[in-house]
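Here is a short briefing on one protein model. Please look over the sequence and the structure first.

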Amino acid sequence: MIPRTTTSWQQQLSEAFTRVEDLFAYLEIPGKLMPQAQRASRDFALRVPRSFASQMEKGNPEDPLLLQVLPRAEELVEHPGFITDPVGDRDHTEAPGVLHKYDGRILLIATGACGVHCRYCFRRHFPYGESNAGKDQWAESLELLSRSPDTREVILSGGDPLTLSDTRIASLVKALNEIPHLERLRIHSRLPVLVPERITGDMVDWLTLGRLQPILVFHVNHPREISERLTDALAPLRARGITLLNQAVLLRGVNDSPETLCDLSEVLFSSGILPYYLHMLDPVRGSGHFDLPEARAKHLLNMVRRRLPGYLVPRLVRETTGAPSKTPLL
Ligand SMILES: *Cc1c(COP(=O)(O)O)cnc(C)c1O
Ligand code: SF4
């Protein structure tokens, strides 16, 4: 049975680690790393759900899950070319929180909130307060979508759209279903991976009851992020034939080996998820230490291609300001 109540995931989000000291104590991280963590968290706050922290190895500051969320001194080092709006989103905002960069698809920043703070997040400096589509109860974004007859797909992104309550998303999805030229509803979310209880019965309902074909795109970077609880929680989505995809970001120290990338694809597939994109890091200020040269990225992907069937090889892409799509590198 899938629980019908939503208190459980919401409670988990409210209990996430937000204080550096608490995360350090729980994971038994050496105290000498604490002052720098505190300094870096002033620029972009720490946020780690407890269920995600419970998948990390205690006493290991280099744990690949921890590295994604732990504020570090490296973030305070300036890297040339690493800026606050690396993908030019601010120039493509047609209405608050509405991004229309590519033909046929419109992306709504449904909320600025997220269940976790990834240190490499390309929106870590995005002015969410002034740009999010939910502010006006969706009226302006729905109006804009209605006036864009070439748009077949609406993408709910963020932040993380699944931090919104099922009631709020269901009412938005209902309104989207009434826009005749829309055909697909895509949700970009990391939350179910962090807190599998987010996949509620109500969520399965609003995803599948309407006319729009649903697609869920997760964000998993390392095979250890996929727990048995997640695989079980995904069962009702698989049973309803919902397309499940994954996008990962290639990150130094986290997933930059052929073994890890191959494992990631295998583990995703065994949970019913297909690899979609492997993104090059967006050069956002504070994330330079995660960056890998393009030649290394191509080499890694070629190694993956030798070992796995084609459908388990993600597309290696970079987001380039002004380009009409994500740019494939291979
Ligand atoms: C990445 C992105 C999309 C989706 O691109 P796909 O190649 O269809 O996955 C759409 N809109 C914006 C603004 C994006 O950044
Ligand atoms: S889940 Fe996505 S939006 Fe949220 S902090 Fe991580 S990268 Fe940013």
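At what angle do helix H2 and helix H3 pack, and how far apart are their axes? The angle is about 140 degrees, and the axes are 10 Å apart. This is a predicted model.

**Helices H2 and H3**
- Helix H2 spans residues 20–27, and helix H3 spans residues 34–43.
- Angles over 145 degrees count as roughly antiparallel and 65 to 115 as roughly perpendicular; H2 and H3 are therefore oblique to each other.
- The crossing of H2 and H3 is right-handed.
- Glu28 lies in the loop between H2 and H3.
- Phi of Glu28 is near 55 degrees. That is a positive value in a residue other than glycine.

**Helices H12 and H13**
- Helix H12 covers residues 258–270, and helix H13 covers residues 294–307.
- H12 and H13 pack at about 50 degrees, with axes 9 Å apart.
- H12 and H13 are therefore oblique to each other.
- Their crossing, that of H12 and H13, is right-handed.

**Ligand 2 and its shell**
- Ligand 2 sits in the largest pocket.
- Three cysteines, Cys114, Cys118 and Cys121, are among the residues that surround ligand 2.
- Val116, Gly159, Arg190 and His219 also surround ligand 2.
- By class, the shell around ligand 2 holds four nonpolar residues, two polar and one charged.

- Gly159 is one of the residues around ligand 2.
- A cis peptide bond joins Gly158 to Gly159. Omega there is about 20 degrees.
- Gly159 lies in the loop between strand S4 and helix H7.
- Strand S4 runs over 153–157, and helix H7 over 166–177.

Terms used
Residues are numbered from 1 along each chain as its sequence is written. Chains are lettered from A and ligands numbered from 1 in the order in which they are written. This is a predicted model: local features need pLDDT of at least 70, side-chain atom pairs count only at pLDDT 80 or more; totals for chains, interfaces and linings use all residues. Side-chain values use heavy atoms; hydrogens and water are left out. A residue is near a molecule or strand if one of its heavy atoms lies within 4 Å of it. On a 1 Å grid over the protein atoms alone, a cavity is a set of points where a 1.4 Å probe fits but cannot get out, and a pocket is an open set with protein on both sides within 12 Å along at least five of seven lines; lining residues have an atom within 4 Å of a point. A molecule sits in a cavity or pocket if more than half of its atoms lie within 2 Å of its grid points. Ala, Val, Leu, Ile, Met, Phe, Trp, Tyr, Cys and Pro count as nonpolar, Asp, Glu, Lys and Arg as charged, and the others, Gly among them, as polar. Axes are lines fitted to C-alpha atoms, for helices over the stretch in contact, and angles run from 0 to 180 degrees between N-to-C directions. Helices (H or I, at least four residues) and strands (E, at least two) are DSSP runs, numbered from the N terminus. Angles under 35 degrees count as roughly parallel, over 145 as roughly antiparallel, 65 to 115 as roughly perpendicular and the rest as oblique. A crossing is left-handed if the near helix is turned anticlockwise from the far one by less than a right angle, and right-handed if clockwise.
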